Amino acid sequence: MKMRIALSFLLLISISVSANDAKIDLREFAQTYFDRMTETQAPDATGEALESYLALLTDDVGHTHLPWQTDGARLPDGKAAMREGMTFYLGAHTHYRAELLDVFVFNHSAIAIRYRNHAKGVHPQTQQPIEYTQTMMEVLEMEEGKVAVIRKYHE
């Protein structure tokens with residue numbers, strides 16, 4: 001009887017440790033991230049799409065978008081600041097298309113995604129027409145299954 005209890009206890013510990021060590025599939029996460037991020041750029045983007053994207057980020061997410069945003073420090077209101085900035089541009093595009101080109105996974109700590117996008121619209125601040133085609137790379141530093149730091153680069 002004592003042996004069964006001991007084996008049951010060891011099995012329970014083993015299952016618990018395995019569950020804690022389970023890592024998310026970062027390639028799958030990269031695709032989900034890309035899909036949700038591009039949904040926020042669509043002409044008919046909604047606050048719901050934005051919240052779906054933001055759910056993938058830590059509350060203190062750091063964000064760098066060179067050359068405009070150079071300080072990627074993690075701050076307690078990182079997600080709130082991203083929400084405010086992205087809400088300002090929500091629905092600014094009249095056309096948006098993106099294609100995922102590459103996904104690179106680095107252990108369980110980072111993902112790099114490379115994509116090409118084309119957008120047309122009206123800049124919400126200047127009211128000037130905008131149109132661009134660019135190739136981007138985003139490096140996503142992961143923490144506990146969420147994006148902790150985003151670093152964006154233009155090719």
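Glutamate 143 is partly exposed at 34% relative accessibility, a class between buried (under 20% relative accessible area) and exposed (over 50%), with a 1.4 Å probe and protein chains only. The model is predicted: local features need pLDDT of at least 70, side-chain atom pairs count only at pLDDT 80 or more, and totals for chains, interfaces and linings use all residues. Residues are numbered from 1 along each chain as its sequence is written, and side-chain values use heavy atoms, without hydrogens and water.

The side chain of glutamate 143 meets that of arginine 74 in a salt bridge (a side-chain nitrogen of Lys or Arg within 4 Å of a carboxyl oxygen of Asp or Glu). This pair links distant parts of the chain, with arginine 74 in the loop between strand 1 and helix 4 and glutamate 143 in strand 4, 69 residues apart. Arginine 74 is likewise partly exposed, at 31%. Asp60, Arg74 and Glu143 are linked in a network of salt bridges.

The structure holds nine salt bridges, among them the following.

| Pair | N to O distance |
|---|---|
| Arginine 74 and glutamate 143 | 3.0 Å |
| Aspartate 59 and lysine 79 | 3.4 Å |
| Lysine 152 and glutamate 138 | 3.7 Å |

Aspartate 59 is exposed, with a relative accessible area of 54%, whereas lysine 79 is buried at 11%. Lysine 152 counts as buried at 14% relative accessibility, and glutamate 138 counts as buried at 0%.

Notes:
Helix = DSSP H or I, 4+ residues; strand = E, 2+ residues; numbered from the N terminus.
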